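Visitor: I would like to see how the labels used for a model follow from their cut-offs. Please take them one at a time.

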Amino acid sequence: MKVAIVDKHPTNVNYSKHFTFEFEVFHLSSTKTKKLLKKDVDLEFNAEEFDLVILIGSEASKFIGGVTSVTEFAGHLVEDKFVPMINPAMLSFKPEAKPHFDKAIEKVEGYVAGVKPPTVTGDFEGITEEERANEYLEEILADNSIRHIACDTETSSLYPRDGYVLGISITHKSKQGVYISTECVSEKTEKLLQAIFSSRLVVFHNAKFDLKMLQYHFNFKFPKVSDTMLMHYLLDETQGTHGLKALAMKFTDYGDYDRALDEFRTNYCKQNGILKGEFSYDLIPFDILAEYAAIDTAVTYDLYTLFSKKLLSNKALTKVYKELMVPGMLFLTDVEENGVPFDIGRLKKVQALMEVEVQTAKDELYKHDAVHTFEKEQGKVFNPNSTQQLRVLLFDYLGLTPTGKLTGTGAASTDAEVLKKLAEEHPIPGVLLNIRQKSKIKNTYLDKIIPALDKDSRIRTGFNLTSTTSGRLSSSGKINMQQLPRDNAAVKGCIKATPGYKIIQQDLATAEVYVAAILSGDKNLQNVFKSGGDLHSTIAKMVFQLKEPASEVKEKNPTARQAAKAITFGIMYGSGPAKVAETVTKESGKPFSVQKAKDTIAKYFDTFSSLRSWLQMSKEDIEANGYIYSIFGRKRRLSNVFSSDKGVASHEVRSGINFLIQSVASDINLYAGIELNTWIKENNYDAKIIALVHDSLVLEIKEDQVDVVCEKMAELTQMDRGCTIPGKPVGVDLDVGEDYSFGKFEKQYPDMV
């Protein structure tokens, strides 16, 4: 067999160390380049001359094989010729990739030896007749040996109110699946489906999506559900690995089973001149969609069989799955359906105001000659959103001195912090910062929120359990509730309660420090919480042995308090003296040297010696094992701690310690939300949990029920779940208001109220 290896450019990688067969090596570019562009590709290569072409790295995979995800397709035969693989050079500093690389090597050796990938055959059926649909469903109901089924939906939209269900696919045994068009679903069919959903465990992949669709459009109930996406997340929390296609490629023989669907979508978009983002599944012919959908559930069924065994072998993860992840998923399904209430009248007013303010700021910008000179000499209209043009204007034309802060690529930063600092030297950076902030509020939020509102003036967005390695929740979809502007209340002020209701936010008070005090067993740090008062002032008094009472530290010794705060939040996540010095200097406005930071950290750890010991012990555990468990049973895999790159290894340690603390604080909030949601429904209170933002719960509550619901919320949040300081539960802060800004909107925009 004639084999070629194609990589990005010449390197020192010795492929003979990895492959036992003969091969020829080719490079996309004959010269080394950091970022490969089309113009850099000078390779003369005819793939038809080779029986197998191994594509090393993302560039070769994309340029030669048309593969956009090396991680997903690694080791898989594409079009019977191409095999994408990650670059072996990365293994030394990212050991987490080695198991996947070794598996890909094994497959490639098999291809060279003549072993073809297995071809999956099965009983996959598309159903368009009511009689056949009912017959199939009755067969399942009559077979008591069928304890669980896999289920999936194909829809015309990502949101229930924006579209409809095209079909429902079901698998009840391995290598089998049906796809039932909803056009043939009658009242009898719905009753049969509900009977199955009521009597069997129903397994989904990303259950939250399908549950919302099926509940909204059919009002189906699901007493027992499972979710292979949540299962995989607990088995491997690596971001971006939980999609069904990726898992099918990795764990099953189905391979690239949706290629026909992808090809149809690509060709349709080209022929009709539409973007892929505008394409919807109702445009796909039934035969193509039916096979893909039926295999979707067949994959889910097989993944459930595999993942169940793996989870059951680990009691801690099984407990987390049953007690937190599945209930959490069901809870977030309710939260998303509750929706975030907006005042559309206020939205439109603020949108118009922002447009005026952005234009006013741009007019202010053009009062400066430097901008006109820039445009004349550069031959282009100045774009405030272009970081490259900003650098030229600020540093070349205005002659300002860069602050020293760099981007990830090593260029001078022009972020908000830098512009704020440069504004002390010249008015233009301040104007640019104003334009940038107001434009973002208008373009990123206000302009997108209004068309995304449902008929009831609510936005139904997403809250995700599987998007972070730290165990914290994230938000995505129509609006990211965790990234709303904080300093400007324009957006939060438009999140307004229905008349007769209030917006409530309960936030955990310094939860991460509280968790660290418990995990470390540090009595001095625990006593800080028991004593009450301002946390950072009390710590500053203890560390620096200040004479004044803790209640007066903030006023009389703000720098000491700021230093204590910087160290408290910094050292748990690996901040060294330089970072602490920088933070204190920035926040206090007074110079705080690196040496002073070193001395302060030493005093801090003398005061909280058990915290220091716990941090060191956790570091050693991570370095020895390559993984660690949270107090609630989550597992964080940290194999990059064995990296030859010290920076990567130390980052992995910091990530592990971050996980130990952050995941627990987040889980305390999640547990409380799950139980509060159940209590609200069981007792028929007129209250809805509408968002989880970091370590807070956000609700809309009927005015006369605020006190009783908030009292119960605090009770559930402060419940002892095995992570509580005796006699001092975690603190909670409560905000109550007409809107989510809690009074800030009316102060910043009095004319809008």
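Visitor: Why are helix H8 and helix H10 called roughly perpendicular?
Guide: In this predicted model, the axes of H8 (residues 244–251) and H10 (residues 286–312) come within 10 Å and cross at roughly 65°. Angles of 65 to 115 degrees count as roughly perpendicular, under 35 as roughly parallel, over 145 as roughly antiparallel and the rest as oblique, so H8 is roughly perpendicular to H10. Axes are lines fitted to C-alpha atoms, for helices over the stretch in contact, with angles from 0 to 180 degrees between N-to-C directions.

Visitor: Which residues of H8 make the contact?
Guide: Leu244, Leu247, Ala248 and Phe251 do, against H10 residues including Asp296, Leu303 and Lys310; contact means heavy atoms within 4.5 Å.

Visitor: What makes the Phe197 and Phe222 pair tilted?
Guide: Rings of Phe, Tyr and Trp (its six-membered ring) pair if their centres lie within 6.5 Å; planes under 30 degrees apart are stacked, over 60 edge-to-face and the rest tilted. The Phe197 and Phe222 centres are 4.6 Å apart with planes at 35°, so the pair is tilted.

Visitor: Why is Phe222 called buried?
Guide: Its relative accessible area is 12%, and buried means under 20%, exposed over 50%, partly exposed in between (1.4 Å probe, protein chains only). Phe197 is also buried, at 0%.

Visitor: What are the ground rules?
Guide: Residues are numbered from 1 along each chain as its sequence is written, and side-chain values use heavy atoms, without hydrogens and water. Local features need pLDDT of at least 70 and side-chain atom pairs 80 or more, while totals for chains, interfaces and linings use all residues.

Definitions and conventions. Helices (H or I, at least four residues) and strands (E, at least two) are DSSP runs, numbered from the N terminus.
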